[in-house]
Amino acid sequence: MRYDSLLAACVTLFPIIISGDSNLSEPLSSQQILPNNFKPPQVFQNVNLLRNTNLEKGYVRETVNVVIENIDTKPQSEYYVPFSVDVIGNVGGLEVRDKKTPGSSFKTDLVEYDPYSPTQFFRTTLPQPLSPKSQLTLSITYHILSTLTPLPFKIGQNDKQYLRYAFSTYTPSAYPTLKQKTKLKFPTPEVPDAIGGSPERQGSTFTYGPYNDLVPAGALEPASVRYEFTKPVIHATLLERDIEVSHWGGNLATEERYWLTNQGAHLKANFNRVQWAASQYYKPATSALRELNVPLKVGSLNPYFTDDIGNVSTSRFRSNKRDANLELKPRYPVFGGWKYSFRIGWDADLASFLRVLKSPQGGHVLKVPFLEGPRMGEGVSYGKVELQVILPEGAKNVKFETGVPLVRVEETVHRTFMDTVGRTTLKLTAMNVVDEARDKPLIVTYDYPFSAAFRKPVTIFLGIVAVFVTAWGIGRLDVSIGKQK
């Protein structure tokens, strides 16, 4: 089981930020392999550490602010962040930066040294080695998917839902910690069970610590909490997102295909549609997914909503000069353990997303959101996101930049109606993404020569000419049976 979890982590977790000068012919990342007896060098100590764990959504969001000090006699630049082998495959969006320098982000990669070890590490490389006895304040942020478990596992259709979260009151660290504190933020003050530690309760916040005694590296203090969360735990196992650029039509077409599931508590009895219909008059809190709210860019047009059966009429699109919103209602309420797959799409004015550079090569800059989709108060998590940017036929010298960690980058060809060589397509794959990535843009630059713009009209013209010539040639053939004079 541990080996499988580590293998999944190795495939999915290479948090690297692609820069604008990325070369798509080069591998995206390489895993760092270390000896089996590896242990992080004890060259740092955590002087003061504060961990904030947010449980207000259907996934765990953690921010660790820590003051580190170099206790070695030489400058050091590698800081290790440990995770349990059972958790590391679900970690996403890990970012390490200097808390006192906004916008800074340090290079972080996954290291492998023993596939059977209960602990695995991310390695952060500081931009400048930290001198002996010097201190630096790090801000480590990440989220963990599929780690909350419903307790009880089965509930009634109108019952409250409770989730259980297991953790350590001591923040897992590869280095000794002099002082630390852990804070948990819940969606409501209703927390019936808290096992382990002696938390200080204040409203919907639990505080463990401060612990002023020296905590050795790797020390853990197991604890768990069970809290009320009568909302759907929305998780998309797969999201396929296509963005198609049309220069001739001045259009940006977007289509998204979802495979959703609710990871909340299952029903302990059969679904009662009469009871569900009666409850919709006063709309009580429920663990079922009733509707999805998808904010779109202003000026979006022609939205559609379909599923495996066909068009879904229970949707509403609102658009004005200030905002645009697509409200979706599935064919049935999605309770815990249930699944629902569907697709949505819309058009937009290309001029709002594309800028043309004054260059002989015909440079273009496309700026689009990496992720759109539903915006829900309970949050949405994505196990895998596959994004395709389909550029016009003849586009070349494609480069991109995004702040979302990627695991795979491909440049392929997409062929469609009346294409000759096919359209250049940039395919990006990310794992363990959450809805907070909505605010992160994807910038794509490419060259589109003036001559390439006429490829499609010339192809259509030649196709029409070929049809007429073929028809004329066939008409000139003598297919009569009689003797020729």
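Reader: Which residues of the largest nonpolar core touch the most other members?

Author: This is a predicted model, in which local features need pLDDT of at least 70 and side-chain atom pairs count only at pLDDT 80 or more, while totals for chains, interfaces and linings use all residues. Residues are numbered from 1 along each chain as its sequence is written, and side-chain values use heavy atoms, with hydrogens and water left out. A nonpolar core is a set of buried Ala, Val, Leu, Ile, Met, Phe, Trp, Tyr and Cys residues joined through side-chain atoms within 4.5 Å, where buried means under 20% relative accessible area with a 1.4 Å probe, protein chains only. Among the 52 residues of the largest such core, those touching the most other members are Leu366, Phe370 and Tyr446.

Reader: Which strand gives the largest share of this core?

Author: Strands are DSSP runs of E, at least two residues, numbered from the N terminus. The largest share of the core amounts to 6 residues, and these come from strand S27 (residues 380-393).

Reader: How many residues are in the second, separate core?

Author: This core includes Phe44, Leu126, Tyr165 and Phe206. Its number of residues is 45.

Reader: How many bridges join strand S17 to S27?

Author: Strand S17 covers residues 234-246 and runs parallel to S27. Ile234 stands opposite Val380 in S27. The number of bridges joining S17 to S27 is 9.

Reader: Why does Thr425 count as buried?

Author: Thr425 lies in strand S30 (residues 423-434). Contact here means heavy atoms within 4.5 Å; not counting residues up to four places away in sequence, Thr425 touches Gln388, Val389, Ile390, Glu410, Glu411, Thr412, Val413 and His414. Thr425 counts as buried because its relative accessibility is 0%.

Reader: Which backbone oxygen does the side chain of Thr425 reach?

Author: The distance is 3.3 Å.

Reader: What percentage of the residues in the protein chain is buried?

Author: The protein chain contains 3 helices and 31 strands; helices are DSSP runs of H or I, at least four residues. Of its 485 residues, the buried ones make up 47%.

Technical notes. Buried means under 20% relative accessible area, exposed over 50%, partly exposed in between (1.4 Å probe, protein chains only). Two strands pair if DSSP finds at least two bridges between them. A polar contact is a pair of N or O atoms within 3.5 Å; within protein, one must be able to donate a hydrogen and the other to accept it, and residues adjacent in sequence count only if both atoms are side-chain atoms.
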